[in-house]
Amino acid sequence: FVMDATTSQELQQTLIDPQKQQSAEKTAVEVVPDSAALLEDDASKSTSLQFSANLMKSITGSTSLIFPYTMWQMGLITGTTLTVFVVYVYISFACRMLDVRKAFEKEEKDENDPLYHLDNDYTILCYHYFGKAGYWLVLVCTLITLWGSDMGTMILMTDFLSDLPPFNHIGSASTRRILPTIILLFFCWITSILKNPTLLVSVSSLGLFALVIAFIVCLIDGGVRFGISWDKSVLFPQSLMGILSTLGIIINAFGFMLVLLPLYNNMKSQAKPKVKKNITGSLSLLGLIYLVTGIVLFLMYRSDPRHVQEAVIFNMKKDSLPFILVSITMVLTLLGSFPLLLLPCFEIMEANHEKKENRLFVTDGYRFWTRTAQVVIITLIGYFIPVFSSINAIIGSLTGVIVSQLVPAFLHLKAIGSKKGMWLVIEDWIVIVVFIGVMIICTGSSVVDLINKLKH
């Protein structure tokens, strides 16, 4: 899934230095909290409504801009059916993950093992039930997902910036991307070697607001310029490849499984019994919003001679004031998000290494050069493979499927099994078989589609 900056912070401490953890355990003083302290701690946690809002915010990201393009490629019948199916699977397996967590709490654990004291419950569950293989699987998927998400962020920023004056008057499409890429590389590098990149949270937090404004502006622009057009062809896909190469976008658009348990842990005690209803309501509402806006914008911009663009904002007139203002806002908010998305990657790769820093920046060689290398490599790949939709589709159909469907299904089989009925076991195996097929076929189709787009 493509994560926003807030989501990535939930994962920042996926890996903790085991030596430091053991040291902390040896020196810690055991304190039995009194009821007043527990009540005070619970008072600062989320209500049901706040949980639902935080869940929807963690899901919503720039992938939503590709939904109209996805509806165009899939057709309304297939696109709507697959969106409803994906939302149903996410709801079902989010509830399963909560059941697995409850089962885990009752099992014996080696409290001296530092890996049981990580801050991410998803990682702990994978380690408990699948050992080191499960632990490393989560870390690798996290790295691939976040690197891919930031690559998509860089591509989108470059697309916006290269369509703004004065860059939009420079040579060919490939040539005009060079200077914006260099400028963005510099700013992303500077913010990534900051000692405390979380200072940029206030900027990146405007991202949701920028997306809402962008969709409103697109709806007005599309309605005024084209209106809604309809014929039977909108019901059917452009091609089978159109379905297979974009299914990963839908999977990616609703990804939240890695942050589900941190959000659940931060709920008030009296709100937790209703959490499954909150998940069902939040995802159903978000799915409805994605579908309605995606379908309406598709039906508007299908009349555009350029067809529906991969990111719907680019269907607007590029010399119009609304497009310029929306593009500037998106670039600024995405710039703030770029280093925050990499924070969990830094945490994973910098564990067990000595840290040096001055007032602003990291100064030890290891952190400086590994962070620099990540930003440079992401930027270079994004420059040579500037296909935002395909990057999202590949992430969704590969690591998105592993983290959001396959691992939760195997965890549920391992921890719960048939205790809650054989139908759940059958459903687990159906999802495993179906999504292994999705992972193989749709990832391959997305790669082929990417190669074809690069040729053109």
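A salt bridge is a side-chain nitrogen of Lys or Arg within 4 Å of a carboxyl oxygen of Asp or Glu. In this predicted model, E357 and R367 form such a pair through their side chains, with N and O 3.1 Å apart. A search of the whole structure finds 16 salt bridges.

- R367 has a relative accessible area of 4%, and it is buried because the cut-off for buried is under 20%.
- E357 has a relative accessibility of 41% and therefore counts as partly exposed, since that class lies between the 20% and 50% cut-offs.

**Salt bridge D99–K276**

- D99 and K276 form a salt bridge in which the closest N and O atoms are 2.9 Å apart.
- This pair links distant parts of the chain, with D99 in helix α6 (residues 76-105) and K276 in helix α14 (residues 275-301), 177 residues apart.
- D99 counts as buried at 11% relative accessibility, whereas K276 counts as partly exposed at 30%.

**Salt bridge R302–D231**

- The side chains of R302 and D231 also meet in a salt bridge, at 2.9 Å from N to O.
- R302 is in the loop between α14 and α15, and D231 is in the loop between α10 and α11 (240-244); the two are 71 residues apart, and the pair links distant parts of the chain.
- R302 is partly exposed, at 25% relative accessibility, and D231 is partly exposed at 31%.

**A salt-bridge network**

- R96, E427 and D428 are linked in a network of salt bridges.

**Packing of helices α8 and α15**

- Two packed helices are described by the angle between their axes and the distance between the axes.
- Helix α8 (residues 178-192) packs with helix α15 (residues 321-350) at an angle of about 45°, and their axes are 9 Å apart.
- The crossing of α8 past α15 is right-handed.

- I190 is located in helix α8, and its relative accessible area of 24% makes it partly exposed.
- The C-alpha atoms of I190 and F361 are 8.6 Å apart in space, although the two residues are 171 apart in sequence.
- Y88 is placed in helix α6 and is partly exposed, with a relative accessible area of 43%.
- Between the C-alpha atoms of Y88 and T280 the separation is 8.5 Å, and these residues are 192 apart along the chain.

**A nonpolar surface patch**

- L206, L208, F209, V212, I213, I216, I220 and V224 make a nonpolar surface patch of about 730 Å².
- V224, one of these residues, belongs to helix α10 (residues 207-225).
- Is V224 buried or exposed? V224 is exposed, because its relative accessible area is 69% and the cut-off for exposed is over 50%.

Key
Residues are numbered from 1 along each chain as its sequence is written. This is a predicted model: local features need pLDDT of at least 70, side-chain atom pairs count only at pLDDT 80 or more; totals for chains, interfaces and linings use all residues. Side-chain values use heavy atoms; hydrogens and water are left out. Patches are made of residues with over 30% relative accessible area and no salt bridge: like charges are joined within 9 Å, nonpolar side chains (Val, Leu, Ile, Met, Phe, Trp, Tyr) within 5 Å. Accessible areas come from the Shrake-Rupley method with a 1.4 Å probe; for residues, only the protein chains shown count as cover. Helices (H or I, at least four residues) and strands (E, at least two) are DSSP runs, numbered from the N terminus. Buried means under 20% relative accessible area, exposed over 50%, partly exposed in between (1.4 Å probe, protein chains only). Axes are lines fitted to C-alpha atoms, for helices over the stretch in contact, and angles run from 0 to 180 degrees between N-to-C directions. A crossing is left-handed if the near helix is turned anticlockwise from the far one by less than a right angle, and right-handed if clockwise.
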